[in-house]
Amino acid sequence: MSQDNAKLEVSEVIGLINVTQNGPTQVAGLLNELDRAGRDELIAQLEARYPELAEAIRDALFTFEDFIYIDDRGLQKMLRNIDHRTLAKVLKNTSEAVKKKILSNLSKRAGTTVLEELNLLGPIRLSEVKEMQKDMARNARKLNEEGQLTIVRPDDPDPLISPYR
């Protein structure tokens, strides 16, 4: 998809956002077709006029399920600042791939503690879990912008090169 076509489609979808709850998700899907610079430019333009909408789109661009795309070192740094009970709660409603990614980036002892905590958790409101996941995703996005962690999707046109090759 060309950059111009994507921009045109984004502007058209923005007009539909008030009609559907999935508007930000649809715009995020279109923005994912752009290169990073184009995506950042459009979000900056949205931010100037519609800050809440821009934040909703950012939330849809990078979700908790996208944690599988965070580099291990960056994720380890991020996880050091999160208590085990919070980690257990966010893992309560997530895919096995994300659970595995997070647990594999904790020390063996911390991973065991989080799993024990997860097994001891009683019922928890889905809205509480989703809000905690959203907060963690926003934190990861912020750390990515600051260069403290790296997010690389499999289809990224500029992939990371392993330092061990």
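The exercises below work through the helices, helix contacts and aromatic rings of a predicted model.

**Exercise 1. The chain as a whole**

State how many helices and strands the chain has, and what share of its residues is buried.

Solution. 
1. The secondary structure consists of nine helices and zero strands.
2. Read from the N terminus, the order of elements is α-α-α-α-α-α-α-α-α.
3. The chain has 165 residues, and 38% of them count as buried.
4. For contacts between residues at least 6 apart in sequence, 70% join residues at least 24 apart.

**Exercise 2. Helices α6 and α8**

Decide whether α6 and α8 are oblique or roughly perpendicular to each other, and list the residues that make their contact.

Solution. 
1. Two packed helices are described by the angle between their axes and by the distance between the axes.
2. Helix α6 covers residues 84-91 and helix α8 covers residues 108-120; their axes are 8 Å apart and the packing angle is about 60°.
3. The range for roughly perpendicular is 65 to 115 degrees, and angles under 35 degrees count as roughly parallel.
4. The pair α6 and α8 is therefore oblique.
5. The crossing of α6 past α8 is right-handed.
6. On the α6 side the contact involves His 84, Arg 85, Leu 87, Ala 88 and Leu 91, and on the α8 side Ala 110, Thr 113, Val 114, Glu 117 and Leu 118.
7. Sorted by class, the residues of this contact of α6 with α8 are six nonpolar, two polar and two charged.

**Exercise 3. Helices α6 and α9**

Find how α6 is oriented to α9, and give the classes of the residues in their contact.

Solution. 
1. Helix α9 spans residues 126-145; the axes of α6 and α9 come within 8 Å and cross at roughly 110°.
2. Angles of 65 to 115 degrees count as roughly perpendicular.
3. α6 is therefore roughly perpendicular to α9.
4. Here α6 passes α9 in a left-handed crossing.
5. From α6, the residues Thr 86, Leu 87, Lys 89 and Val 90 meet Glu 128, Val 129, Met 132, Gln 133 and Met 136 from α9.
6. The contact of α6 with α9 contains five nonpolar, two polar and two charged residues.

**Exercise 4. Helices α4 and α9**

Work out the orientation of α4 to α9, then say which classes of residue make the contact.

Solution. 
1. Helix α4 runs over residues 51-61; α4 and α9 pack at an angle of about 90°, and their axes are 10 Å apart.
2. α4 and α9 are therefore roughly perpendicular to each other.
3. The contact is formed by Glu 55, Arg 58 and Asp 59 in α4 together with Lys 134, Arg 138 and Arg 141 in α9.
4. The contact of α4 with α9 has no nonpolar, no polar and six charged residues.
5. One of the α9 residues, Lys 134, has a relative accessible area of 34% and is partly exposed.
6. The C-alpha atoms of Lys 134 and Phe 62 are separated by 9.1 Å, with the two residues 72 residues apart along the chain.

**Exercise 5. The aromatic pairs**

Classify each aromatic pair in the structure as stacked or tilted, and say which residues form the cluster.

Solution. 
1. A search of the whole structure gives two aromatic pairs.
2. In the pair of Phe 62 and Phe 67, the ring centres are 5.9 Å apart and the planes are at 25°, so the pair is stacked.
3. In the pair of Phe 64 and Phe 67, the centres are 4.7 Å apart and the planes are at 40°, and the pair is tilted.
4. Phe 62, Phe 64 and Phe 67 form one aromatic cluster.
5. Phe 62 and Phe 67 are buried, and Phe 64 is buried as well.

Note on methods
Residues numbered from 1 in each chain as written. Predicted model: local features only at pLDDT ≥ 70, side-chain atom pairs only at ≥ 80, totals over all residues. Heavy atoms only, no water. Axes fitted to C-alpha atoms, helices over the stretch in contact; angles between N-to-C directions. Helix = DSSP H or I, 4+ residues; strand = E, 2+ residues; numbered from the N terminus. Parallel < 35°, antiparallel > 145°, perpendicular 65-115°, else oblique. Left-handed = near helix turned anticlockwise from the far one by under 90°. Contact = heavy atoms within 4.5 Å. Nonpolar A, V, L, I, M, F, W, Y, C, P; charged D, E, K, R; others polar. Phe/Tyr/Trp six-rings, centres within 6.5 Å; stacked < 30°, edge-to-face > 60°. Buried < 20%, exposed > 50% of the residue type's maximum accessible area, 1.4 Å probe, protein only.
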